[in-house]
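Reader: Hi! Could you walk me through this one while I have it open?
Author: Happy to, let's bring it up.

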Amino acid sequence: MSAHRYAIIGAGPSGLAAARALQKAGIAFDGYEASRGVGGLWDIDNPRSTMYESAHLISSRTTTEFAEFPMRTSADYPSHRELISYFREFADHFGLTERFRFDTKVTSLTRAEDGGWMLRAECSAPGSAPEAAGVVERRYDGVILANGTLAEPNVPTFRGEFAGELLHTSAYKSAAQLSGKRVLIIGAGNSGCDIAVDAVHHAASVDMSVRRGYYFVPRYLFGKPSDTLNQGRPLPARLKQFVDTRVLRAFTGDPVRFGFPRPDYKIYESHPIVNTLILNHLGQGDLRIVPDIDRFDGRTVHFRDGSSGEYDTVLLATGYKLDYPFVDRAELAWTGFAPRLFLNVFPPSFNGLSVMGMIEASGIGWQGRYEQAELIAAYLAALERHPDRAAAFRTRVANERWPDLTGGYRYLGLERMSYYVNKDAYRHAVRAATAMLMTDAAARGTRSVGRRRATAGRARA
Ligand SMILES: Cc1cc2nc3c(=O)[nH]c(=O)nc-3n(C[C@H](O)[C@H](O)[C@H](O)COP(=O)(O)OP(=O)(O)OC[C@H]3O[C@@H](n4cnc5c(N)ncnc54)[C@H](O)[C@@H]3O)c2cc1C
């Protein structure tokens, strides 16, 4: 076991991946989890969970699960209940559960005088013994931040006041909340579309306000989960956009027919919506697409085209903001909407912090997150056992161009795309960096950490 000791914040899929990779590399760690158990947002009872009753995997099982621990279900898109069981089994199987301190929320990370980090956390275990409750303070050589990216609601401001119920998707748990209501959903991301499909069975009426057009990918194409097609040897971006636009048109038709604006960008330049039920319901007349919001006035919502509607509930499907509230933003090199991190993991200062799970990508799954964890473990192992390799790695990150993680796609310049990566480009770059840390290549300087300096998801305005 290593002489250095690290902390992991969060026992969601990313925190568990980090714990497993550190365990395999023989690196000592303690985990801290604010909730009662493992599984992160897949535990619908975790107070920070943004899961809802009807949720299932959006990416398919085989592209999502941890490679060394296949799920024990035949469902292609298992439900959140199966997923929380899976994460509990994963953590128990590898002896990770006991490595976390639950009901313990990290409240601050500050630099220790000797170059490590002081972690402060508050334990709030209901009914816990008095000695287990209270404040924890402990020094670590470094800290892995795996506190999730989909917990802090992004709430836009609107002109006027809405007199009905204003909810963010983070507060949506089940369709019963919408029973008998006239509902307006703002935004058509994956959660917005799932909730619209729930709502049509319970609400008095459902409208969905959208600003731009979307690409809708069916869960199945040619009888297989759509994200299992074209794996391994991805087509070049332009060719994939050309082919997939035509395949989608053949399978789902033109969403403009159902009232959506025509997308002003190409497929995969924004996150696609894996939901075609919404198109079925539009075709059945169960819901309507309405334009962007102009203003609220009591229960009336005015739209940009001059039309208006009366609503009881406005549901904001407006996404989430990155949030690392327990550490100074400068430590994570925040730039605009997101920290600017090498491979979305390491602050350029290599200050002992690393971030897990700060990736949004189509179909990167938990294996993609596990590969991030392997990279962190390789770096921490090199720090202790091959400091020359670790130093050479840092030098190269400082002096060479960072890999282009876009895969050749020109992502939209939106907040939610600010840490978006192309899964193939990303996984390739992460594996290459890990391999470099595990051999003397970094010290010899025979391989490059990347070809072009670019931040993840370099955006176009
Ligand atoms: C409806 C829905 C469907 C989704 N479907 C997919 C899918 O199909 N495929 C996919 O890959 N991803 C999907 N996701 C994305 C999802 O974010 C990831 O699957 C995964 O949960 C991310 O794991 P994580 O560990 O990074 O974050 P989380 O699961 O959010 O876990 C973070 C953990 O950190 C803890 N924590 C936070 N702050 C602190 C603190 N200060 N101190 C201690 N602990 C703290 C939280 O309690 C939580 O347990 C979906 C998300 C939603 C909401």
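Reader: Which helix and which strand each supply at least two residues of the shell around the ligand?
Author: Those are α1 (13-24) and β4 (104-111). Helices (H or I, at least four residues) and strands (E, at least two) are DSSP runs, numbered from the N terminus. Before we go on, this is a predicted model: local features need pLDDT of at least 70, side-chain atom pairs count only at pLDDT 80 or more, and totals for chains, interfaces and linings use all residues. Residues are numbered from 1 along each chain as its sequence is written.

Reader: Thanks! Which of the two gives the largest share of that shell?
Author: α1 does, with 3 residues.

Reader: And which residues come nearest to the ligand?
Author: Gly10, Gly12, Gly40, Gly148 and Gly357, out of 34 residues around the ligand. A residue is near a molecule if its C-beta atom, placed from the backbone, lies within 6 Å of it.

Reader: How does the shell divide into nonpolar, polar and charged?
Author: There are 16 nonpolar, 15 polar and 3 charged residues. Here Ala, Val, Leu, Ile, Met, Phe, Trp, Tyr, Cys and Pro count as nonpolar, Asp, Glu, Lys and Arg as charged, and the others, Gly among them, as polar.

Reader: Good to know. What is the mean pLDDT of the chain?
Author: The mean is 93, and 94% of the residues reach 70 or more. pLDDT is the predictor's confidence in each residue, from 0 to 100.

Reader: Where does pLDDT stay under 50?
Author: Over residues 446-461, for which the model has 50 contacts beyond four places in sequence. Two residues are in contact if their C-beta atoms, placed from the backbone, lie within 7 Å. Where pLDDT is low, the predicted coordinates should not be read in detail.

Reader: Switching to domains: what does the assignment give?
Author: Domain 1 (5-151 + 321-447) and domain 2 (155-318). Such bounds come from an automatic or database domain assignment. The centres of domain 1 and domain 2, taken over C-alpha atoms, are 30 Å apart.

Reader: How many residues are in contact between them?
Author: 23 residues of domain 1 contact 23 residues of domain 2. On the domain 1 side, α2 (61-64) and β24 (411-412) each supply at least two residues. That side has 8 nonpolar, 10 polar and 5 charged residues.

Reader: What about the largest nonpolar core, which members touch the most others?
Author: Ala18 and Val143, out of 127 residues in that core. A nonpolar core is a set of buried Ala, Val, Leu, Ile, Met, Phe, Trp, Tyr and Cys residues joined through C-beta atoms within 7 Å. Buried means that 20 or more other C-beta atoms lie within 10 Å of a residue's own; exposed means 12 or fewer, and partly exposed is in between, with C-beta atoms placed from the backbone. Helix α7 (residues 365-385) gives the most to this core, with 12 residues.

Reader: Why does the core lie between the two domains?
Author: Because domain 1 and domain 2 both give residues to it.

Reader: And what does Ala18 touch?
Author: Leaving out residues up to four places away in sequence, Ala18 touches Ile8, Ile144, Ala146, Met356, Ala373 and Ile376.

Reader: Now Leu96, is that buried or exposed?
Author: Leu96 is buried, because 24 other C-beta atoms lie within 10 Å. Leu96 sits in the loop between α3 (80-93) and β3. Beyond its neighbours within four places in sequence, Leu96 contacts Leu16, Ala19, Arg20, Gln23 and Ala91. Leu96 and Ala19 are 77 residues apart along the chain, with 6.8 Å between their C-alpha atoms.

Reader: Last topic, backbone angles. What is phi of Tyr268?
Author: Near 75°, a positive value in a residue other than glycine. Most residues other than glycine have a negative phi. Tyr268 lies in the loop between α5 and α6 (277-284), and counts as buried with 21 C-beta neighbours inside 10 Å.

Reader: What about Asp103, what is its phi?
Author: Asp103 has a positive phi of about 50°, and is not a glycine either. Asp103 is in the loop between β3 (100-101) and β4. With 19 C-beta neighbours inside 10 Å, Asp103 counts as partly exposed.
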